[in-house]
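Welcome, and please get your viewer ready for a short walk.

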Amino acid sequence: MLFRSMKQQFGANAMQNLNPDGDTVIGVCIPPSDKLIFVLFAILKLGAAYVPFDNSFPEERIVKIVTNCCPILVISDFHTLCKFEPVQDQTKVVNLEHLFTGVHNDKRAASEINVEPFQSSFELLAERIALVLYTSGSSGAPKGVRLNHR
C-alpha cells in the first residue's frame, strides 16, 4: 500500500518523467528505521532507483545533487524537510509521514487494491540502476556513481 501511496504522489505519468540519463530516481533523506526499509522496497518495486541524502548534508550539496540527478520525488522526514526548500522548484518534496498517513487512511483490504508492479524480465531489471551514490570527488564537488542491480 505504500507503493500505491508513493505512486499517487507523483502521478500516473511520472515514470515517463526521466532525468537526462534516462533513469527514474527518487531521493531519500530518512534516518535508519523500519520506515526506511519500506520506502526503499517501494521505490525498487516502482522500477526506480534511489539517491540517499544524509541529514548532515549542507544545502549547497543537496542543491548540486538534485540538479545533477534530477529526482522525480524526494522523500524526507519532518526534521530535514527544510533542507530541501531550495530545490522545491526542481522536484517534488514529500514528508515521509504524509506517505504513511495515506497508507493508514486507506480502509480497503490489501486484496482490493490493484497495484501492478514493475513488469520486466530479470535480465533487464538487473541492468537498471538501483541507486545513485555521491562522493565528494577530487575537486570537492559531488560526483554521482550509478549502481545497477547486479
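A nonpolar patch joins side chains of Val, Leu, Ile, Met, Phe, Trp or Tyr within 5 Å of each other, taken from residues with over 30% relative accessible area and no salt bridge. Keep in mind that you are looking at a predicted model.

**Stop one: the surface patch.** Select Leu 133, Val 145 and Leu 147, which make a nonpolar surface patch of about 210 Å². Now pick out Leu 133, a residue of strand E5. With a relative accessible area of 36%, Leu 133 is partly exposed, so it passes the 30% cut-off for patches.

**Stop two: helix H3.** Next, select residues 59–69, which form helix H3. Which residues of H3 are buried? They are Arg 61, Ile 62, Ile 65, Val 66 and Cys 69. Turn the view to look down the axis of H3: these buried residues fall within an arc of 130°, so they line one face of the helix. Show the strands they pack against: E1 (25–29), E2 (49–52), E5 (129–135) and E6 (143–148).

**Stop three: Arg 61.** Zoom in on Arg 61, which is buried yet has no salt bridge. How far away is the nearest side chain of opposite charge? That side chain belongs to Asp 54, and the distance is 8.6 Å. Leaving aside neighbours within four places in sequence, Arg 61 is in contact with Tyr 134, Thr 135, Ser 136 and Pro 142.

Definitions and conventions:
Residues numbered from 1 in each chain as written. Predicted model: local features only at pLDDT ≥ 70, side-chain atom pairs only at ≥ 80, totals over all residues. Heavy atoms only, no water. Helix = DSSP H or I, 4+ residues; strand = E, 2+ residues; numbered from the N terminus. Buried < 20%, exposed > 50% of the residue type's maximum accessible area, 1.4 Å probe, protein only. Lys, Arg positive; Asp, Glu negative; His and termini not counted. Salt bridge = Lys/Arg side-chain N within 4 Å of Asp/Glu carboxyl O. Contact = heavy atoms within 4.5 Å. Arc of directions from axis to C-beta. Patch = residues over 30% accessible without salt bridge, like charges linked within 9 Å, V, L, I, M, F, W, Y side chains within 5 Å. Areas by Shrake-Rupley, 256 points an atom, 1.4 Å probe, with all protein chains shown as cover.
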